[in-house]
Amino acid sequence: MTASVATEERFYRFAPLDRTGWLLGLGAAQCISLGAAILVAGFFLQAGAAAPFVLAPIILGAAFGFGSWEGRAVHQWAPVLVRHTAQRALGRHRWLAPIPLLTGTTADADVEPALPPFLADIELIDAGAVTWCPATRDHGVALVRDRHDRTVSASVPVQGREFSLIERADQERIVQQWGDALAGFCVERGSVVRARVTEWSAPAGVADNESFVAEHGADPVRSPARRAYDELLAEAGPMAVRHEALITVTVDPRRVRSRKGADDAEATASEVLLEELRLLTVRLEAAGLAVGAPLSVGQTAEVLRTRLDPRAAGRLTARSASLAQLAGVVSPYSSGPLATAAEWTEVRVDGSCHRAYWIAEWPRLDVGPNWLEPLLLHAGGVRTFAVHYEPVPPSRSQRRVDRDSTRLAADEEQRSRAGFRIGARHRRAQSAVLEREAELVAGYAELEYAGFVVVSASDSETLARSCAEYEQVAAQAGLELRALEGRHDLGLVCALPIGRGIARKRLA
């Protein structure tokens with residue numbers, strides 16, 4: 001994303017997705033499918049086969065490479081269909097947690113919870129208190145260890161300060177400082193591989209207000225003011241929304257140099273992660289954001305439980321919270337679900353249904369700092385908005401700019417020689433590469449990013465209505481949401497405050 005200044009106000013521009021291919025704009029799958037089809041057709045031709053047998057491979061290869069279904073290419077659907085079909089054939093699309101017997105001799109902290117396949121190998125670890133945050137003395141800091149991806153993550157809650165109500169210049173300043181806070185991860189040989197921002201919203205209701213008024217308010221029969229306030233609560237109830245924003249930092253132990261050898265790599269990675277979390281907290285507070293204490297094990301377990309099954313939030317609130325400050329309402333063993341079912345159009349987790357979207361297109365026109373307000377402030381049910389940032393070292397950024405510039409120039413030359421038209425999308429991509437190079441020369445950092453939206457509801461019918469609303473609201477903000485059909489369980493993982501999600505690219 002690049003910034004451009006028009007008169008006195010600053011606008012922001014998102015670069016288009018890179019769709020340049022290997023040859024004349026054809027991608028790898030298209031070139032391979034056509035090459036294989038021509039090879040098989042040539043083999044049939046040499047063998048003297050009939051014309052239908054010679055043409056069949058070419059037709060199938062062209063259909064695989066250039067055909068489309070529901071706005072996506074056939075070759076993009078192939079791995080999704082294979083995965084979904086294999087899961088259903090093996091019965092792995094449904095999962096049930098084993099119900100343990102309570103013996104009274106084993107503590108919850110000593111037993112790993114049973115987790116569904118898309119959350120397997122996730123472990124919550126208590127790292128103890130940190131000196132730079134006194135609030136962690138009572139509950140410690142939770143580390144999320146991913147044994148599959150070999151990463152360690154931790155999260156901090158963040159709150160904004162009336163961003164929608166402040167002046168335009170102050171909004172631009174906060175956005176710039178937010179970028180500076182993330183740019184702190186873009187260093188050579190950095191240990192942070194990902195920073196994830198998840199913003200979860202759900203109807204809050206006015207139960208607390210009603211309880212307070214019932215206990216301390218006047219008699220509604222005799223007090224007109226009380227009747228007017230009750231009417232106000234009845235009207236404002238559906239509009240009350242609860243927002244929770246978390247920033248999750250992920251460290252790869254393989255990028256951390258241990259002073260005591262390989263056996264101490266994970267302990268050293270935990271120390272590096274906590275230090276990166278401290279530095280991020282300092283940068284966020286300098287940007288004017290209110291940063292809370294890092295999540296404890298109990299708080300992380302509660303977040304995972306409520307985001308996997310939002311219907312559990314009411315039951316957890318009703319529980320006695322006398323020990324919540326020390327241990328949390330949800331124990332680590334109870335953080336996982338009891339049953340999941342991954343279907344083609346949704347994933348069901350306990351009593352909730354989820355539908356995940358990938359943000360395929362960002363705004364194509366210049367936007368202001370508050371362009372996401374229609375989506376973030378929409379009160380249309382339970383949803384999670386997640387953005388993944390992956391820091392890019394400066395040296396790799398320069399190599400990628402050189403590579404992208406050369407590839408675009410070669411693609412333009414090939415198209416010109418073959419007589420193909422050079423479209424506006426190609427020109428826009430070239431302009432975006434030039435802007436990236438200018439920003440790198442000016443000292444700005446580069447981050448790769450991807451966005452996801454997960455909509456949740458209690459049943460499939462309510463989920464369909466909420467999804468239709470959010471698709472429309474996202475379109476008003478300039479976003480194109482593409483449903484992750486057949487992969488909604490993986491999309492749900494991308495909206496959780498853990499380090500797992502998009503597979504990291506190898507260093508270029």
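Modeller: What follows covers the chain as a whole, a helix pair and some aromatic rings. Please note that the model is predicted.

Colleague: How many helices and strands does the chain have?
Modeller: The secondary structure consists of 15 helices and 17 strands.

Colleague: And what percentage of the residues count as buried?
Modeller: Of the 508 residues, 42% are buried. The chain exposes about 27200 Å², and carbon and sulfur atoms supply 57% of that area.

Colleague: Turning to H1 and H2, at what angle do their axes cross?
Modeller: The axes of H1 (residues 28-46) and H2 (residues 51-66) cross at roughly 175° and come within 8 Å. The two helices are therefore roughly antiparallel.

Colleague: Which residues meet there?
Modeller: Among them are Leu34, Val40 and Phe44 in H1, and Phe53, Ile58 and Phe66 in H2. The contact comprises 13 nonpolar, four polar and no charged residues.

Colleague: How many aromatic pairs are there?
Modeller: The structure holds eight. One of them, Phe14 with Trp362, is stacked, at 5.3 Å centre to centre and 15° between the planes.

Colleague: Where do Phe14 and Trp362 lie in the chain?
Modeller: Phe14 is in the loop between strand E2 and H1, and Trp362 is in the loop between strand E14 and helix H11, 348 residues apart. Both residues are buried. Ring pairs also link Phe14 and Trp362 with Trp371 and Tyr449 in a cluster.

Colleague: What about Phe43: buried or exposed?
Modeller: Phe43 counts as exposed because its relative accessibility is 56%, over the 50% cut-off. Phe44 is partly exposed, at 28%.

Key:
Residues numbered from 1 in each chain as written. Predicted model: local features only at pLDDT ≥ 70, side-chain atom pairs only at ≥ 80, totals over all residues. Heavy atoms only, no water. Axes fitted to C-alpha atoms, helices over the stretch in contact; angles between N-to-C directions. Helix = DSSP H or I, 4+ residues; strand = E, 2+ residues; numbered from the N terminus. Parallel < 35°, antiparallel > 145°, perpendicular 65-115°, else oblique. Contact = heavy atoms within 4.5 Å. Nonpolar A, V, L, I, M, F, W, Y, C, P; charged D, E, K, R; others polar. Buried < 20%, exposed > 50% of the residue type's maximum accessible area, 1.4 Å probe, protein only. Areas by Shrake-Rupley, 256 points an atom, 1.4 Å probe, with all protein chains shown as cover. Phe/Tyr/Trp six-rings, centres within 6.5 Å; stacked < 30°, edge-to-face > 60°.
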